[in-house]
Amino acid sequence: MKTGKAVSLLLSVALIVAPLNSAFAKTNPSTLFTPKPLAVANPITFANILKRIKDVPTYAYNNAQSSAKANAKLPLALHPVFEVKGSHLSTSNYDGSTKWIKKAMAMYGHFATPTKVYLFEYPEQDVAEIQVKANTLVVGGEDVSNRAAAIYGTGSFGAGSNCQGRTPMRANTTETTGISNIFSGICVGSAPLDARTGVAHEFAHAIQNMQFHHKGPTSRWHRADQYMYHTLPCWPVEGQAVFTGFANLDNLAAYQSIRVSGELHPYLLTGAGGTSATANSYWTPQDVMSYFAQTNVPGSCEATPTFALGYSLGFLTVEALTAIGGPESHMAVVQRIAEGESLSRAFKEIYGITWDAAAPILSQVVATEIMAILDPPTAIKYKAKSTTVNQTFTGAQGCSTYDPASPHVSFAHLQALVNNKWQDVQSSSLNWIPSSECSFISGGGYLAQIQAKIDPGTTYRWVYLGPVNIGSRDEFGRGLSSSSVS
Ligand SMILES: [Zn+2]
């Protein structure tokens with residue numbers, strides 16, 4: 001019975017829209033979607049998030065699972081998905097890929113979704129075969145063969161690839177039909193998780209596309225592949241895609257593990273469309289505010305090297321928003337922007353707070369998270385002799401602008417020198433204490449204090465993350481004190 005109602009509702013929508021473009025009729029929600037407040041215990045809000053940064057990944061992941069579950073039967077979450085495998089595809093990395101798409105489709109099942117999804121999964125030797133198949137299947141006369149080749153670095157896109165250790169992918173949404181094509185490859189050393197997160201990542205771009213041109217030729221921005229990037233701020237473009245890919249994983253532990261992997265280390269684009277790891281790896285909230293200012297200028301941020309910060313800083317922004325409002329909240333912002341609203345107005349409508357008021361909060365969350373991710377623990381931990389007692393260590397250098405009201409911005413730990421190698425010292429929880437030594441910092445500065453066991457005579461130093469006043473920094477942007485002897 002429920003199905004019958006859904007069908008008649010669809011028909012009535014179709015009647016209104018069919019004269020304009022029947023192919024898009026079934027994917028055309030006639031009104032803007034406003035997500036309901038989340039039904040979660042102890043929700044994260046803009047008012048409390050700075051004290052709960054550690055909860056953000058868990059809430060974001062769980063909220064995404066709840067939406068995917070709740071929306072799984074919505075008509076827009078049931079559009080067909082077809083897998084087309086190259087005849088030489090010998091990997092199992094893509095087993096279950098229809099399910100991955102279905103999950104991501106459900107996550108955003110209240111929004112326009114592609115009318116159909118084709119998942120092309122093929123090794124490089126099958127490019128020609130897939131080009132033919134794609135152009136046969138993709139109705140509407142659009143030539144997608146260039147895109148089918150592009151994942152291997154051929155055609156008019158980008159530089160060639162050596163096809164080692166990568167899982168190359170690209171998505172496009174055909175203009176006249178709203179069909180999404182996801183071209184997914186396989187290279188020597190491709191990781192199975194890359195296939196899963198990558199497919200969902202590309203599909204998130206298809207959902208973004210659909211907000212911009214689901215009305216077909218009558219869409220305000222008809223050519224979504226061109227105009228989406230001219231209209232959206234850059235942080236959600238890759239931020240939503242990375243988040244959707246990671247949230248597609250089956251459990252929280254896998255999500256938490258992948259979000260701190262190398263992928264999140266900020267990098268910039270090079271002029272040739274490649275990437276380079278030359279981005280600053282030391283981020284203060286002020287740096288993130290500057291990033292927001294750049295990335296909120298649609299049309300120009302796409303063409304700059306900072307576009308690639310969407311994969312790291314943009315992801316963490318989207319993650320924080322998902323922790324607060326679920327995955328539908330930021331897609332509702334994108335939907336509104338696609339309908340012509342400003343970011344300011346769309347953001348206020350969905351989150352009840354202006355972007356200008358939210359940005360300083362988000363920038364602190366993002367800076368704290370990225371610095372925690374960039375502080376890779378050393379492989380070897382220092383272990384003092386069992387007879388050594390706990391001592392209190394107070395940083396002699398490294399005055400912090402620490403704010404007791406939002407106590408997650410600065411981090412510090414100790415390292416001990418053993419056989420000419422620095423090893424992380426395990427220690428009790430970190431405190432920041434006000435110090436007259438730091439009076440030169442406006443508002444008063446703080447020094448780190450930690451309890452740890454370090455054998456007498458051992459050389460040690462402090463390692464700082466965050467807005468700490470210290471001259472020397474390592475390649476990760478971490479502040480380093482000079483050495484002391486315990
Ligand atoms: Zn992407």
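This is a predicted model: local features need pLDDT of at least 70, side-chain atom pairs count only at pLDDT 80 or more; totals for chains, interfaces and linings use all residues.

Visitor: How do the axes of H2 and H11 cross?

Guide: One begins with the approach of the axes and the angle between them. Helix H2 (residues 56-70) and helix H11 (residues 313-325) have axes that come within 7 Å and cross at roughly 65 degrees. Angles of 65 to 115 degrees count as roughly perpendicular, and H2 and H11 are therefore roughly perpendicular to each other. The crossing of H2 past H11 is left-handed.

Visitor: Which residues make the contact of H2 and H11?

Guide: H2 contributes Val56, Pro57, Tyr59, Ala60, Asn63 and Ala64, while H11 contributes Glu319, Ala320, Thr322 and Ala323. Seven of these residues are nonpolar, two polar and one charged. As a general idea, an α-helix has 3.6 residues a turn, so residues three or four places apart point the same way.

Visitor: Is the crossing of H12 and H13 left-handed or right-handed?

Guide: H12 passes H13 in a right-handed crossing. The axes of H12 (residues 327-338) and H13 (residues 343-351) come within 9 Å, at roughly 145 degrees. Ser329, Ala332, Val333, Arg336 and Ile337 of H12 meet Leu343, Ala346, Phe347, Glu349, Ile350 and Tyr351 of H13. This contact comprises eight nonpolar residues, one polar and two charged.

Visitor: How many residues of H3 are buried, and what covers them?

Guide: In helix H3 (residues 97-107), eight of the eleven residues are buried, including Trp100, Ile101 and Lys103. Among the elements covering these buried residues are H2, strand E1 (81-85), helix H6 (192-213) and H12.

Conventions:
Residues are numbered from 1 along each chain as its sequence is written. Axes are lines fitted to C-alpha atoms, for helices over the stretch in contact, and angles run from 0 to 180 degrees between N-to-C directions. Helices (H or I, at least four residues) and strands (E, at least two) are DSSP runs, numbered from the N terminus. Angles under 35 degrees count as roughly parallel, over 145 as roughly antiparallel, 65 to 115 as roughly perpendicular and the rest as oblique. A crossing is left-handed if the near helix is turned anticlockwise from the far one by less than a right angle, and right-handed if clockwise. Two residues are in contact if their C-beta atoms, placed from the backbone, lie within 7 Å. Ala, Val, Leu, Ile, Met, Phe, Trp, Tyr, Cys and Pro count as nonpolar, Asp, Glu, Lys and Arg as charged, and the others, Gly among them, as polar. A residue is buried if 20 or more other C-beta atoms lie within 10 Å of its own, exposed if 12 or fewer, and partly exposed in between; C-beta atoms are placed from the backbone.
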